[in-house]
Amino acid sequence: MKTATKASDRTIQRNLQTWLDAATPEARRAGLTWYDDAQKYAAFLSVTFNVSRKVAAGVISALSPNNKWERNKIDAFNVLQAVQDGKTPDDVKVCTYGANKRKAFAIANGDQKILESSPKTHAFAMNVGELSADHVTVDKWHMRACLTNSRKRTKVQESPTKVQYKRIERITARMAKRYGLKGYELQAIIWVTIKENWEA
């Protein structure tokens, strides 16, 4: 299995470059618009429930594992509504894991430590809530893109350590700047491209 520990910065950059070069015009458009949609939805939740956009984005992120985007938005709305109504996690059904639902409730209730203790959740909250160009949401698809350039599904490390996360985030953000992109835009373009190839 390929791991971040064994991959040099140059190898990671080369793999990311391969996926960026393979991106179709459609994949580029999809990547460039996805975060815009997410940012608008976080802004809607922020106004609707009187929370910061960062908190709204953190709730979305906490509920995202193995959850389709349209359902993810519904779940985030329902969690924030439940918190506003004084309900508990047991009162709401979501399409992700129980631990993630509890995490979303904690974030919605203002627990910033929960938000900041997870690099991926924090990065997504910064990308979507604060429009930060320097944070990168390193999910399993981005890890896959960093560790292989194979067009077919390959076994690689899918969850980085905190140290590995920061390293991959730094490499990705630096590469994005070279192309005049925000870190999350490059990540989204690559996400669409590798997913299309591996699920073809």
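1. The model is a predicted one. The relative accessible area of Thr3 is 17%; because the cut-off for buried is under 20%, Thr3 counts as buried. Once its neighbours within four places in sequence are set aside, Thr3 has contacts with Leu147 and Gln157.

2. Helix 7 (residues 119-129) is largely enclosed by the rest of the structure, because 9 of its 11 residues are buried. The buried residues are Thr121, His122, Ala123, Phe124, Ala125, Met126, Asn127, Val128 and Gly129. After helix 7 comes Leu131, which has a positive phi, near 55°.

3. What do the buried residues of helix 7 pack against? Their partners are helix 2 (25-49), helix 3 (53-62), helix 5 (98-108), helix 6 (112-117), helix 9 (162-178) and helix 10 (183-198).

4. The largest nonpolar core comprises 32 residues, and those with the most contacts inside it are Leu45, Val59, Ile60, Leu63, Val79, Leu80 and Val128. Two or more residues of this core come from each of helix 2, helix 3, helix 4 (69-84), helix 5, helix 7 and helix 10. In soluble globular proteins, nonpolar side chains tend to be buried together.

5. Val128 belongs both to the buried residues of helix 7 and to the residues with the most contacts inside the largest core. Leaving out neighbours within four places in sequence, Val128 contacts Tyr35, Ala38, Gln39, Ala42 and Ala57.

6. Another core, of 30 residues, lies apart from the largest one; among its members are Ala123, Met143, Ala173 and Leu186. Ala123 is also one of the buried residues of helix 7.

Technical notes
Residues numbered from 1 in each chain as written. Predicted model: local features only at pLDDT ≥ 70, side-chain atom pairs only at ≥ 80, totals over all residues. Heavy atoms only, no water. Buried < 20%, exposed > 50% of the residue type's maximum accessible area, 1.4 Å probe, protein only. Contact = heavy atoms within 4.5 Å. Helix = DSSP H or I, 4+ residues; strand = E, 2+ residues; numbered from the N terminus. Core = buried A, V, L, I, M, F, W, Y, C linked by side-chain atoms within 4.5 Å.
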